[in-house]
Amino acid sequence: MSSSDLHLWHPYTQEGVDPAALSISRGKGVFLETEDGRQILDAISSWWVNIHGHSHPAIAEAVAEQAARLEHVVFAGFSHPTRRGNLRNGWAGLFPTRCGMFFFSDDGSTAVEVALKLALQYWKNVGRQGKTPDCSARKRISR
């Protein structure tokens, strides 16, 4: 273990028992390359999905073009042309016409939170007040 790894705890490992993590210097297509030049097939594409391969030229170019214009802006009261047009218009054709609004999430937990809040708000809006979560069970749990 190198001195730079002493303060890192890698996901899904048991610190102190698992072997040292492989040091990867680059990725190209389906392969990862270690610092000593070995190539390893990256068969863990489901983690932080790499379905198009590492260092895909078209993706790298699109990311560089976007970063040259704007890396990030919070959507709390702000927007930008990509959000307003390209993404929404591309998705709109995939869904029934009654789906006029889209919420783009940055992770799964936020997506689930928003879906639950939207569902609760929908039932409230249509007058079905009984369609709410029953939180009374929490009160019965003794601590």
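**Exercises on aspartate 42**

In this predicted model, aspartate 42 is buried but has no salt bridge. The nearest side chain of opposite charge is arginine 26, 13 Å away.

**Exercise 1.** Explain why the pair of aspartate 42 and arginine 26 is not counted as a salt bridge.

Solution. Step one: take the separation to arginine 26, the nearest side chain of opposite charge, which is 13 Å. Step two: apply the cut-off, which asks for a side-chain nitrogen of Lys or Arg within 4 Å of a carboxyl oxygen.

**Exercise 2.** Find the polar partners of the aspartate 42 side chain.

Solution. Step one: among side chains, histidine 54 makes a polar contact with the side chain of aspartate 42, at 2.6 Å. Step two: on the backbone, the nitrogen of isoleucine 44 is 3.2 Å from a polar atom of the aspartate 42 side chain.

**Exercise 3.** Locate aspartate 42 in the chain and list what it touches beyond four places in sequence.

Solution. Step one: aspartate 42 sits in the loop that runs between β3 (39–41) and α1 (57–69). Step two: leaving out residues up to four places away, aspartate 42 touches Val30, Phe31, Leu32, Asn50 and His54.

**Exercise 4.** Describe the chain around this site by element order and burial.

Solution. Step one: count three strands and four helices. Step two: read them from the N terminus as β-β-β-α-α-α-α. Step four: the chain exposes about 12600 Å², with 59% supplied by carbon and sulfur atoms.

Key. Residues numbered from 1 in each chain as written. Predicted model: local features only at pLDDT ≥ 70, side-chain atom pairs only at ≥ 80, totals over all residues. Heavy atoms only, no water. Helix = DSSP H or I, 4+ residues; strand = E, 2+ residues; numbered from the N terminus. Buried < 20%, exposed > 50% of the residue type's maximum accessible area, 1.4 Å probe, protein only. Lys, Arg positive; Asp, Glu negative; His and termini not counted. Polar contact = N/O pair within 3.5 Å; in protein donor to acceptor, adjacent residues only side chain to side chain. Contact = heavy atoms within 4.5 Å. Areas by Shrake-Rupley, 256 points an atom, 1.4 Å probe, with all protein chains shown as cover.
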